[in-house]
Amino acid sequence: MNARRYERFAALRITVTWIAGCLVASALMSADSIAAPPAPLDAKAIGQASGATATATPDGVVKIGWPRTDVTVTVDGMTLPPAAGLGSWAAFAPMATGAMVMGDTVVFEDEVDAAMDAAFTHGLSVTALHNHFFHDTPKVYFMHVGGEGRAEALAAGVKAVWGAIRAVRSTHAQPATSFGGATPAPGRIDADAVSKIVGQPATDSQGVAKVTIGRTGTMQGMVVGASMGLTTWAAFSGSDALAAMDGDFIMSAEEVQPVLHALRKAGVHIVALHSHMIGEHPNFYFTHFWSTGKAQDLAHAFRTALDAQAAVGKP
């Protein structure tokens, strides 16, 4: 090997060795980053931000709670102690990017709008709304929330949700039994007008205008669709001047929050959020809703939620 060739060989060997060293160092740094546990949460800071007593569990989770002692609830004739299932709670777990919160909040019917709006305002997601009891007086529901971010910000969001509920109860000690306002009387809805606004066909059944939009998925290896219940629908009853709209929205996971936000922004009441099936693909969720007003205004509200759903995943 002559001198020039040797110099080239030596330079190449040095370069390869340097690159290999960089790759090893990078891999070690990545491994350290992946293996590094998230920073522990500060229970005191979470307690201060939430306005509630915070306790840390052995696995690093910080929990807060609020027993609903402000309203007496009976279930099947029995007065239910708050400790028997009338407690709101939130749990915070450390993450590499900060913290994650999951929680369940006791809500009465007239508290749901305020609690949900507060959650959205503070960057929390609403992940379920359902009941736990039958024959309960007043009716009790449970709203689940979640989120990721700084622990103190998440705690402040939970505080806002619970504060919104307390504000409702400070105005009226007992839960309301209606949304208020005028009650729609039986009449006829202009199905054609609803169809034009929504952009979907509307059927007319004895004066009730109904829009049904099918969706498909798979379950047990077979394709399922509208005939198996995979539908979004809205029914408009009453009269064009004063109507009621009730319905059900089918959503994939990433569509849930945009649809909920759109419905609430339009003043529509969310009355349930849950699943209907197990084992379907993709996983579908359903939100039931109710609102009253002019039929065309309600149709526009429904259309905004459809538009919000259609925009998911688009650039």
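Predicted model: local features only at pLDDT ≥ 70, side-chain atom pairs only at ≥ 80, totals over all residues.
Which residues line the largest cavity? Residues are numbered from 1 along each chain as its sequence is written, and side-chain values use heavy atoms, without hydrogens and water.

**View 1. The largest cavity holds about 30 Å³ of space.** Its lining is Trp 89, Ala 90, Thr 105, Leu 124, Val 145, Val 158, Val 161 and Trp 162. A cavity is a set of points on a 1 Å grid over the protein atoms alone where a 1.4 Å probe fits but cannot get out; lining residues have an atom within 4 Å of a point. Grid points join across faces, edges and corners, and a volume is the space filled by probe spheres set on them. Helix 4 (151–171) and strand 5 (87–95) each supply at least two lining residues. Helices (H or I, at least four residues) and strands (E, at least two) are DSSP runs, numbered from the N terminus. Helix 4 gives the most, with 3 residues.

**View 2. The largest pocket has a volume of about 280 Å³.** A pocket is an open set with protein on both sides within 12 Å along at least five of seven lines. Of its 13 lining residues, Glu 109, Asp 110, Val 112, Phe 179 and Val 271 lie nearest the centre. Strand 16 gives the most to this lining, with 3 residues.

**View 3. The second largest pocket has a volume of about 220 Å³.** Gln 200, Ile 213, Leu 306, Gln 309 and Ala 310 lie nearest its centre, among 13 lining residues. Helix 7 gives the most, with 5 residues.
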